[in-house]
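Please read it with the structure open.

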Amino acid sequence: MSHLTLEQLNLAYGKAAAVRDLDLAIDQGQLVSLLGPSGCGKTTTMRAVAGLLPPVSGRIRLAGEDITTKPAHRRDIGLVFQSYALFPHLSARDNVAFGLKLRKRPAAEIERRVAAALASVGLQGFEARLPANLSGGQQQRVAVARAIVIEPRLLLLDEPLSNLDARLRVEMRAELRRIQRELGITMLYVTHDQEEALSLSDRIVVMREGRIEQDGTPEAVYHRPATAFVAAFMGYQNLLAWRDGALHAGDARVPLALPRHASHLAWRPEHVAVVDAGRGTLDGRVGARSYLGERIEFLVQTPLGAIKGSGALDSPWLEGTSVGVVLDPARAALIAEGGRA
Amino acid sequence: MNRLSKATLLMLVLALLFLLGPFVVIFVAGFSADETLRFPPQGYSLRWLAHVFTVEAFQRSLLTSLVVAFGSTLLALALGVPVAYALSRARLPGAEAVRLVLTLPLIVPGIIVGLALLNHGVLALNLPVTLSLLIGHTTLLIPYAVRVVSSSLANLRLDIDDAAVTLGATRLQAFFQVVLPNIRGGVAAAFVLAFITSFNQVPVSLFLTGPGVSTLPIEMMAYMETSYDPSIAALSTLLVLFTIALVAATEKLLGISKYV
């Protein structure tokens with residue numbers, strides 16, 4: 001049985017619907033990411049799980065218990081805020097001890113558990129400092145320690161790394177994964193960064209406009225996007241409609257045989273080869289050429305629209321030359337969807 | 001630092017003269033040895049400063065003023081701090097309208113507030129004078145409390161109370177343990193500002209004070225109508241010094257100037 005279950009959840013801010021008929025189940029010990037652009041309902045969903053936003057309708061169950069109407073302060077759900085939300089008037093130690101003091105634990109136990117939590121996030125020696133005197137990364141660690149020290153039944157993280165610089169973000173990503181494994185804690189992780197979601201998650205739930213677009217393993221979401229939206233979000237920059245044995249764009253039509261039915265085909269730029277004119281699937285003219293270190297990316301204007309493809313570092317084609325692009329169905333993501341695109 | 005131009009310097013001197021001039025006159029006159037109030041005095045003494053403490057009407061009205069200032073300030077904070085907090089959460093519909101209405105007493109002349117309270121409170125409901133003074137001053141002070149506390153709440157990230165709630169605090173505990181400690185400078189500033197405003201209040205009090213119950217500023221006006229001796233200057237000097245001491249002490253303790 002699932003640890004956290006959301007059933008037909010509807011959420012709204014005032015009259016504006018934010019999340020519609022959401023169904024989601026998370027197993028004990030899993031790290032699941034809610035991934036999507038801002039406004040997709042991922043943070044709203046998380047706030048509802050924490051009890052900070054009452055649902056319009058639907059159920060939330062945690063470990064078999066219906067917590068839909070349970071007050072937030074009795075849910076035992078930890079939350080790491082995007083802004084960390086540390087208490088400015090309390091030292092790092094007292095920030096972490098806050099939840100245990102409310103639970104009226106004995107002083108000796110609080111001291112032991114706070115020390116353990118601070119150690120598990122690798123933050124010793126800063127116990128007496130106020131949040132204002134800690135770096136962003138240290139504040140982040142205090143926020144995580146404060147949330148895990150109460151041994152929550154579920155840990156929610158709201159874009160916890162978005163305020164850190166790139167190097168620290170990668171470091172904290174690994175730290176969070178380690179903490180999650182060590183404590184065996186179930187985590188719901190909200191992010192708009194697909195790289196973060198891919199590297200951290202057991203499962204990724206891609207959201208768009210309050211609904212789930214795709215729910216699957218990082219591999220599935222990355223290699224087999226279910227919708228055009230997910231494909232675009234995952235870096236498939238070339239998206240072409242397909243019907244009746246051909247790719248279509250406006251009046252243009254390029255025949256292409258597929259092993260099975262699809263509504264769209266999507267290619268990453270690195271999976272579209274740029275070749276001499278006449279040797280690819282179709283020809284076009286180089287609109288832009290950018291050096292990307294290990295390859296050269298071309299923006300090729302074709303009858304099907306602009307297509308991004310790649311060539312080796314010794315590719316001779318300059319802006320304005322005619323080239324061919326190879327649209328290989330074997331390297332494409334095949335998307336079969338209804339009306340949406 | 002740039003050199004001040006002559007025009008700027010002149011403006012500065014004039015501004016200081018207008019601000020401090022009257023106080024200097026009062027201050028000097030307070031140490032007068034003369035029988036009547038005049039400037040500059042013929043001689044200097046502490047006799048009028050001493051005399052202030054012997055006037056029974058001053059003693060009684062000082063007590064009333066302190067009680068009313070203290071009471072109405074506490075009431076205004078008790079009402080104004082929760083309002084400011086609620087407004088800062090700002091998911092309320094009409095928050096702006098509430099904010100606007102709350103500033104009304106700052107716009108409406110005190111005379112009108114006083115008259116309204118006299119007609120509909122003291123006369124219609126037969127309220128005791130001290131109570132009606134308390135109510136009148138509280139009405140007047142709430143806007144100060146809301147304004148000043150709001151500005152200190154604006155400096156505070158308000159997801160900290162959500163954080164406290166997820167850690168097991170009730171909304172009430174979150175407010176008292178997490179929000180309040182972080183706005184105490186603003187609350188102290190509101191307290192001082194409200195207290196001084198009430199203590200120096202004339203228009204509202206003018207209508208509400210009755211026989212036997214009066215506030216110090218009203219009593220001072222009454223005193224001047226009958227006797228024109230330097231004790232008024234002496235008393236004013238003491239009040240100004242008291243106010244300065246109060247502000248300086250809270251500024252030193254809590255750094256309130258950033259909220260007002």
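How many residue pairs are in polar contact between chain A and chain B (both at pLDDT 80 or more)? The count is 5. A polar contact is a pair of N or O atoms within 3.5 Å; within protein, one must be able to donate a hydrogen and the other to accept it, and residues adjacent in sequence count only if both atoms are side-chain atoms.

1. **Basis.** This is a predicted model, where local features need pLDDT of at least 70, side-chain atom pairs count only at pLDDT 80 or more, and totals for chains, interfaces and linings use all residues. Residues are numbered from 1 along each chain as its sequence is written, chains are lettered from A and ligands numbered from 1 in the order in which they are written, and side-chain values use heavy atoms, with hydrogens and water left out.

2. **Chain A overall.** Chain A has 8 helices and 20 strands. These are DSSP runs, numbered from the N terminus: helices are H or I with at least four residues, strands E with at least two. The C-alpha atoms fill a box of roughly 80 × 45 × 35 Å along the principal axes. Of the 341 residues of chain A, 54% count as buried. Buried means under 20% relative accessible area, exposed over 50%, and partly exposed in between (1.4 Å probe, protein chains only). Among contacts in chain A with a separation of 6 or more, 66% join residues 24 or more positions apart. Contact here means heavy atoms within 4.5 Å.

3. **The chain A and chain B interface.** The interface size can be given as an area. Chain A and chain B bury about 1,800 Å² between them, with 66% of it on carbon and sulfur atoms. Buried area is the accessible area (1.4 Å probe) that two parts lose on being put together, summed over both. H73(A), H89(A) and L102(A) supply 30% of the area that chain A buries against chain B, more than any other three residues. In contact terms, 19 residues of chain A meet 20 residues of chain B.

4. **Charge across that interface.** The rule finds 1 salt bridge between chain A and chain B. A salt bridge is a side-chain nitrogen of Lys or Arg within 4 Å of a carboxyl oxygen of Asp or Glu. R47(A) and D162(B) form a salt bridge through their side chains, at 3.2 Å from N to O. Strand 6 (77-80) and helix 2 (92-102) of chain A each supply at least two residues to the side that touches chain B. Helix 2 of chain A gives the largest share, 3 residues. By class, this side of chain A has 12 nonpolar, 4 polar and 3 charged residues. Ala, Val, Leu, Ile, Met, Phe, Trp, Tyr, Cys and Pro count as nonpolar, Asp, Glu, Lys and Arg as charged, and the others, Gly among them, as polar.

5. **Helix 2 of chain A.** This helix is mostly covered, with 8 of its 11 residues buried. The buried residues include A92(A), F98(A), L100(A) and L102(A). What do the buried residues of helix 2 of chain A pack against? They pack against helix 3 and helix 4 of chain A, together with helix 8 (159-166) and helix 9 (171-182) of chain B. K104(A) follows helix 2 of chain A and has a positive phi, near 55 degrees.

6. E109(A) is in helix 3 of chain A. Is E109(A) buried or exposed? E109(A) is buried, at a relative accessible area of 15%. Its side chain makes a polar contact of 2.6 Å with that of R113(A). V121(A) lies in the loop between helix 3 (107-120) and helix 4 (136-148) of chain A. V121(A) is buried, with a relative accessible area of 2%. Beyond its neighbours within four places in sequence, V121(A) is in contact with residues including V144(A), I148(A) and I179(A).

7. **The two domains of chain A.** Domain 1 covers 4-225 and domain 2 covers 231-339; such bounds come from an automatic or database domain assignment. Their C-alpha centres lie 39 Å apart. The contact takes 10 residues from domain 1 and 8 residues from domain 2. Between them the domains of chain A bury about 760 Å², 66% of it on carbon and sulfur atoms. The count of salt bridges between these domains is 0.
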